[in-house]
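Keep the viewer open and click along.

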Amino acid sequence: MNVIIACLETIFSAYPQTARLQEAKAELQAMMEDAYTSLIAEGRAENEAVGQVIRDFGNLEEVAPVLGIASDISATHTDAAAFPPVTLEEAQGYADAKQRTRRRVSAALMLFALSPAILIVLPVAAESRLVPITDGIGTFIGLMALLVLAGVGLLLLLAASRETAPYKRIAEGRFSANPAVTRWAESLAEQYERGRTRALQTAIVLAVLAPIPTLEFALFLDDSTWVDFWTVIGVVFMLAVVAIGLGILLPRGWAHDVAEKLGRSAPGRRNRQ
């Protein structure tokens with residue numbers, strides 16, 4: 001039933017929230033709920049009943065005459081036409097592209113997180129005479145490493161963006177609501193939600209634990225010669241843990257991101273402002 005209500009909100013999101021349309025929305029909700037209850041009573045499965053209700057009532061232009069709001073929605077038809085509805089084929093192509101590129105995007109962000117590591121640790125190691133180079137050389141090597149890692153990350157993002165380029169209007173939200181697509185995207189997100197939730201929990205735990213070594217080194221080391229070095233090591237460890245967290249979370253959040261993006265049509269955003 002929550003899916004039906006979400007579908008109803010999506011249907012009306014492209015139109016002004018006038019009192020008349022609010023009444024029509026309540027009336028349509030009652031019709032959809034009655035139809036759903038009847039289908040369940042006939043022995044239909046929940047997903048099948050929801051899909052049938054959306055197919056029967058999901059096109060507002062078709063049910064508008066019954067609700068008496070044909071003239072109300074025609075006033076905004078020109079505005080909605082400026083942003084054609086995203087088709088199911090487009091949505092599936094966009095989702096496939098996001099799934100294919102998720103690991104490249106994740107790897108790029110991991111490289112960005114790790115890129116300062118050598119720049120942080122090498123000059124301190126050189127100052128502590130742990131490596132046979134000067135501070136300046138350590139800084140130079142660290143900068144070069146940062147630029148290389150960041151450059152590789154940018155190349156990965158560019159490669160990913162080329163695959164999602166055909167779906168630029170979806171990424172920018174330049175489309176009007178399509179209840180069937182919204183429902184499909186929500187179902188897709190539900191399939192992967194358990195894995196995303198576990199990944200999110202793991203990433204949060206890692207983020208909480210990441211600063212602990214840095215705090216321990218800073219608080220409990222007495223030898224000032226080693227405090228700076230081990231504190232820096234703790235910072236680098238923290239960056240590595242954050243990168244690992246990103247590597248765990250980002251590849252598992254693509255379906256949720258697709259559903260969130262497909263649920264944000266341009267006319268809907270304008271009406272909520």
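E163 counts as partly exposed because its relative accessibility is 23%. In this predicted model, its side chain meets that of R104 in a salt bridge, at 2.6 Å from N to O. That pair ties together distant parts of the chain, with R104 in helix α7 and E163 in helix α9, 59 residues apart.

**Salt bridges**

- How many salt bridges does the structure hold? The count is eight, and the R104–E163 pair is one of them.
- Another bridge joins the side chains of E172 and K168, at 3.8 Å from N to O.
- E172 comes out as partly exposed because its relative accessibility is 36%, and K168, at 49%, falls in the partly exposed class too.
- Why are R196 and E193 about one helical turn apart? They sit three residues apart in helix α11, so about one turn separates them.
- As background, an α-helix has 3.6 residues a turn, so residues three or four places apart point the same way.
- Is R196 buried or exposed? R196 counts as buried, because its relative accessibility is 17% and the cut-off for buried is under 20%.
- E193, on the other hand, is partly exposed at 28%.
- Some bridges share partners: R100, R104 and E163 are joined that way into one network.

- Where do the two partners sit? Y94 is in helix α7 (residues 88–114), while Y167 is in the loop between α9 (135–164) and α10 (168–171), so the pair links distant parts of the chain, 73 residues apart.
- Both Y94 and Y167 are buried.
- P166 also lies in the loop between α9 and α10, but P166 counts as exposed, because its relative accessibility is 59% and exposed means over 50%.
- The C-alpha atoms of P166 and E90 are 9.1 Å apart, although 76 residues separate the two along the chain.

**Helix α4, side by side**

- Which residues of helix α4 (residues 60–67) are buried? They are L60, V63, A64 and L67.
- These four cover an arc of only 130° around the axis, so they lie on the same side of α4.
- Turn to the other side of α4 and you'll find E62, P65 and V66, which are exposed.
- Just after α4 comes G68, with a positive phi of about 75°.

**T182 in helix α11**

- T182 has its place in helix α11 (residues 179–209).
- Its relative accessible area is 8%, so T182 is buried.
- What does T182 touch, leaving out residues up to four places away in sequence? T182 touches T10 and L262.

Terms used
Residues numbered from 1 in each chain as written. Predicted model: local features only at pLDDT ≥ 70, side-chain atom pairs only at ≥ 80, totals over all residues. Heavy atoms only, no water. Helix = DSSP H or I, 4+ residues; strand = E, 2+ residues; numbered from the N terminus. Buried < 20%, exposed > 50% of the residue type's maximum accessible area, 1.4 Å probe, protein only. Contact = heavy atoms within 4.5 Å. Salt bridge = Lys/Arg side-chain N within 4 Å of Asp/Glu carboxyl O. Arc of directions from axis to C-beta.
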